[in-house]
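Reader: I'm new to reading structures. Please take me through this one, a question at a time.

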Amino acid sequence: MSDSLMKQRSPVSMGFEALFRRPSLGLAEMSWRWSFAATWFLLIAFSLIEYLDSLPVNTADRLLLRTGRLSLIFQAIIHIVRGSAPRVLAVFLILSLVLAVAWIALASVARAVTVNAVVNYFGDSDGLQQSAPLRSLVALNVLRVANTLAAVIACAGTALIIAEVTLQEASSATVALQLSQGLIMLIGMFWFAINWLMSLAAVVAVVREQDTCFAIRSTMDLCIDRASSLMIASLAFGAVHFIAAVGAGFAGMFMLALTGQVPAVLLFAAGVAITLAYFAAADFLYAGRTAAYVAIILGLPAAVPEKSLAAFDDDERILSDLSLSPAEGY
């Protein structure tokens, strides 16, 4: 029996196999995400330093800060930051816009490169152009940013409405709090579903070289036709991600339990190492899940039942028994 008739693997196993055979896929996913995170951290840090340098501090504020009493220190801080809310809002809006544009551009290029690499790994690059539809990826990432912004606005609006109702009727505070929690959870579920759909559409756009609308439509069809495969792949990698998160949490609690017995510098370094290890594992799992999605989109078959393989072997043996040599035919 030829190798092409061997038992086929599932998309989940193909995704994990791609990670082990091509660790560069996980490293590429990790590199662009960590680069953006480092840029975000530096921009926030420099903005905070510039904001603090712009705050006026007079002699009275310095005296209050040196008293050591929390009430006086808090009063001095309120006096120092008073009137700086417009500047904080302006900095926040500018940083949000810059980071959103940077994430859209970086995520679009990175997704094109990583998905093309996965397709080439599976050996189905016939007809696939190396120049991925960046315009479609940019549009899909813009939709993801808009989805996040809409979710944030919806949560903020819900909190403001519930706060207004609570101030007017204190007796209904418990009911209002429970209602707000339910609404925020519902908003989070809608945000997660749309964000996942747009991320899958980005993979579809690269694999099938489609524009934004056709990619979204193809993604909806894929969710209907291969719903079980997509669900199994998402749950499998999600379960491993959850195990990694739990392991990181237990490691962090163990380090906290050593407080006072181990130098603070070592505890801080261990905490940073645990956090970075968790994020690295999460990025590698994301790359593996993407590889599984690519296998599903390419239509790579799932596992062939053992009975079918056994039947094929029996048929092959029976046909070989029926074949006669030229000498036996006369």
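**Residues and their surroundings**

Reader: Where does S199 lie?

Author: Helices here are DSSP runs of H or I with at least four residues, strands are runs of E with at least two, and both are numbered from the N terminus. Counting that way, S199 lies in helix 7.

Reader: From what number are the residues counted along each chain?

Author: Keep in mind that this is a predicted model: local features need pLDDT of at least 70, side-chain atom pairs count only at pLDDT 80 or more, and totals for chains, interfaces and linings use all residues. Side-chain values use heavy atoms, with hydrogens and water left out, and residues are counted along each chain, as its sequence is written, from 1.

Reader: Is S199 buried or exposed?

Author: The cut-offs go by relative accessible area: buried is under 20%, exposed is over 50%, and partly exposed sits in between (1.4 Å probe, protein chains only). S199 has a relative accessibility of 9%, so the word for it is buried.

Reader: Which residues does S199 touch, not counting those up to four places away in sequence?

Author: A contact means heavy atoms within 4.5 Å. Skip the residues up to four places away in sequence, and S199 touches R144 and Y286.

Reader: What about T219: which residues is it in contact with, leaving aside neighbours within four places?

Author: T219 sits in helix 8, residues 212-225. Its relative accessible area is 0%, so T219 is buried. Leaving aside neighbours within four places in sequence, T219's contacts are L197, L200, A201 and V204.

Reader: How far apart in space are P133 and T212, C-alpha to C-alpha?

Author: You'll find P133 in the loop between helix 5 and helix 6, and at 18% relative accessibility it counts as buried. Leaving out residues up to four places away in sequence, P133 touches A205, V206, E209 and Q210. T212 is 79 residues away from P133 in sequence, yet the C-alpha distance is 9.1 Å.

Reader: Which residues does V81 contact, leaving aside neighbours within four places?

Author: V81 belongs to helix 4, residues 70-81, and its relative accessible area of 33% makes it partly exposed. Its C-alpha atom is 9.9 Å from that of S54, 27 residues away along the chain. With neighbours within four places in sequence left aside, V81 contacts Y51 and L55.

Reader: What share of the chain's residues counts as buried?

Author: The secondary structure comes to eleven helices and zero strands. The accessible surface (Shrake-Rupley method, 1.4 Å probe, with only the protein chains shown counting as cover for residues) comes to about 20800 Å², of which 72% belongs to carbon and sulfur atoms. Of the 330 residues, the buried share is 29%.

Reader: How much space lies in the largest pocket?

Author: On a 1 Å grid over the protein atoms alone, a cavity is a set of points where a 1.4 Å probe fits but cannot get out, while a pocket is an open set with protein on both sides within 12 Å along at least five of seven lines; lining residues have an atom within 4 Å of a point. Grid points are joined across faces, edges and corners, and the volume is the space filled by probe spheres set on the points. For the largest pocket, that space is about 1800 Å³.

Reader: Which lining residues are closest to the centre of the largest pocket?

Author: The largest pocket is lined by 49 residues. Closest to its centre are R33, F36, W103, T148 and W191.

Reader: Which helix gives the most to that lining?

Author: Elements giving two or more residues to the lining of the largest pocket include helix 2 (23-53) and helix 6 (134-168). With 13 residues, the one that gives the most is helix 5.
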